[in-house]
Amino acid sequence: MQGSFSEIVLSFLLIACVANVGRCELFTSMAHLQTALYAERDIAVTLKNYVENEEERLRKIKRLAEDLEAHSIKALEKPDYYLANPVNAFLFVKRFTLDWSKNVDHLLKNDSSESMRRYVEYYRQDLPSYEDLQGSAAALMRLQDTYKLDTSKIAEGTLGGVQSTQLTANDCFELGKLTYNSEDFYHSSLWMEHALEKLATQENKQNESDLRAEMLDYMAFSEYRKGNVKTALIFTEELLTLEPNHERATNNKRYYEKMLKDKEASEYARGEDGKTLDMDPVENDYRRSHEFQSYEALCRGEQIMEIKNTHKLACRYRTRNNPLLLMMPAKEEDVFLDPWIVMYHDVMSDSEINAVKGLATPKLNRATVQNSKTGELEVATYRISKSAWLKQDEDPVVAKINARMQAITGLSMDTAEELQVANYGLGGHYEPHFDFARKRKLTQMEQLQGNRIATFLIYVSHH
């Protein structure tokens, strides 16, 4: 690639970074999700300080009670004799006036609890919300599907070589309910079934019957919504053995029996081929497409096509006779020969990475996509990340990175977009898409710069 081209887009993907920023969809950015860990730490410190202060306050109240008790016992032995002494009478009155207001009132009012609550509420701004709970549950399901993970393995907490606390039966049940509420009945059935299995083996049997009945209720309806009416009937009958007077289950049992009798089950939620549909047909068709299957296979690190002439693949130092690369050549590796695809190693130093993280993290906002019909920018479930844009003159490091990309590619930066920093969240992803504008009206920026012709991606992944 020689010469100067007028259009180029530069995108910089930052995989892991930490920050201290306000909460907003924490699950869409690992950088923001990490802020919750610091908030958790600060809440722990606040609560411990409150408990220590409260314990000291209670110790003082206990000493006060013991002092009052000892004084009253002694005085009540001969109250007339005791109060006959005017000094005793004066001290007794003083005890419950001046002394009380100075030494007791503040102990009993306990204003510190309100202060503690204010601090905790302040820190809670950086803690996950219910939206984050739903997002993290969806992320687990996405990872389960993409990497073909067994439900039991996830429940054991063995993911990516990092061991976590195992999920309890109730944890699995809550995951099942979250997917159920999202009308994802496929995953709801998987997690309800595993919750039932774990419930049967757990040592604590308290409220087991009630919890099992609730799980069966969800499981039965999930199977029904998937079109598995026979299975739904089996779970409903098991539920009725635990709760014979369960009104909804009784009505559902009659309904399922009627459906099976009338042979309507196959017409309820099946396609023309008679296969049960586990999700929205349009979405299901796309996820079964060759394109999406290839995308997920690549995520799993699978080789989806033969690489010919591997013996011709090579690595080299590339200078392009550019002064910037003469002292520090680009480390170029052939990945594919036709079309020619290369990968560059160590494009940024650790200090540059940290500088970019520091610049971008406070600016991270939920990444958007452009609606092909309306042209409006909007968030989408197929892009889970946050992004920020850094200007050329914002910091010398940005200018240095831009210059290096120009040297490596041979493309001009004169009409390049600003440096985009993306931080992916829990189960973060961006489904297959084109980076250039297709069959739609160009944005004002694109009209000035032209359409995108190249994307330079720098992956910064800390393990």
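Guide: Contact means heavy atoms within 4.5 Å. The model before us is predicted, so local features need pLDDT of at least 70 and side-chain atom pairs count only at pLDDT 80 or more, while totals for chains, interfaces and linings use all residues. Residues are numbered from 1 along each chain as its sequence is written, and side-chain values use heavy atoms, with hydrogens and water left out.

Visitor: Which residues does His 187 touch, not counting residues up to four places away in sequence?

Guide: His 187 touches Met 141, Gln 144, Asp 145 and Thr 179, with that exclusion applied. His 187 belongs to helix α10 (residues 185–201); helices (H or I, at least four residues) and strands (E, at least two) are DSSP runs, numbered from the N terminus.

Visitor: Is His 187 buried or exposed?

Guide: Buried means under 20% relative accessible area, exposed over 50%, and partly exposed in between (1.4 Å probe, protein chains only). His 187 has 4% relative accessibility, so it counts as buried.

Visitor: How is a pair of aromatic rings described?

Guide: A pair of aromatic rings is described by the distance of the centres and the angle of the planes. Rings of Phe, Tyr and Trp (its six-membered ring) pair if their centres lie within 6.5 Å; planes under 30 degrees apart count as stacked, over 60 as edge-to-face and the rest as tilted. A search of the whole structure finds 13 aromatic pairs. In one of them, the ring centres of Phe 173 and Tyr 218 are 5.7 Å apart and the planes stand at 75°, so this pair is edge-to-face. Because Phe 173 lies in helix α9 (residues 169–181) and Tyr 218 in helix α11 (residues 208–225), the pair ties together parts that are 45 residues apart in sequence. Phe 173, at 1% relative accessibility, counts as buried.

Visitor: What kind of pair do Tyr 255 and Tyr 256 form?

Guide: Their ring centres are 6.3 Å apart with the planes at 50°, so the pair is tilted. Tyr 255 is partly exposed, at a relative accessible area of 41%, whereas Tyr 256 counts as buried at 1% relative accessibility. Both tyrosines belong to one aromatic cluster, whose members include Phe 173, Tyr 180, Phe 185 and Tyr 218.

Visitor: Which backbone geometries deserve attention?

Guide: Most residues other than glycine have a negative phi, and most peptide bonds are trans. Lys 148, although not a glycine, has a positive phi of about 50°. Lys 148 is found in the loop between α7 (130–146) and α8 (151–156), and counts as exposed at 62% relative accessibility. Asn 321 likewise is not a glycine, yet has a positive phi of about 55°; its place is in the loop between β4 and α17 (323–326). At 71% relative accessibility, Asn 321 counts as exposed.

Visitor: Where is the cis peptide bond?

Guide: The bond from Asp 338 to Pro 339 is cis, with omega near 5°. Pro 339 is found in the loop between β5 and β6.
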